[in-house]
Amino acid sequence: MSPLRYAVLVSPLSPEDGGGFLATVPDLPGCMSDGETPQEAISNVQDAIESWIEATHDMGRDIPPPSKRAAIG
C-alpha cells in the first residue's frame, strides 16, 4: 500500500505552537508531522505514514484503507 494514497490535511500552526504547518492523516489516527512550509510538512508526513503502517502491522492490527477523499497540499 503506497503512503501517497492517503489524504493529507495541512494547517498552519500558531506562533505559540512554534509556527510552520501541521500535516495530519485523517485515515490513520495519530499520524501527523510538521514542517516550516506546507510542502515540507507533506514530505515529512510521508515518513510518518510509513512508520504508522509498519507499527500497526507489527502489532497485528488492521491497516485502514485510504478513503475516497482527495489529498490537500
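Two strands count as paired if DSSP finds at least two bridges between them; strands (E, at least two residues) and helices (H or I, at least four) are DSSP runs numbered from the N terminus. The model toured here is predicted: local features need pLDDT of at least 70 and side-chain atom pairs pLDDT 80 or more, whereas totals for chains, interfaces and linings use all residues. Residues are numbered from 1 along each chain as its sequence is written, and side-chain values use heavy atoms, without hydrogens or water.

Select phenylalanine 21 first: its bridge partner in β3 is glycine 35. Leucine 22 is likewise bridged to aspartate 34 of β3. Strand β2 (residues 21-24) and β3 are antiparallel and joined by 4 bridges.

Next, display the whole sheet, which is open and has 3 antiparallel strands in the order β1-β2-β3. Because β1 (9-12) and β3 (32-35) each have a single partner strand, one side of each lacks a neighbour in the sheet.

Then select helix α1 (residues 38-58), which lies across β1, β2 and β3.

Technical notes
Contact means heavy atoms within 4.5 Å. Axes are lines fitted to C-alpha atoms, for helices over the stretch in contact, and angles run from 0 to 180 degrees between N-to-C directions.
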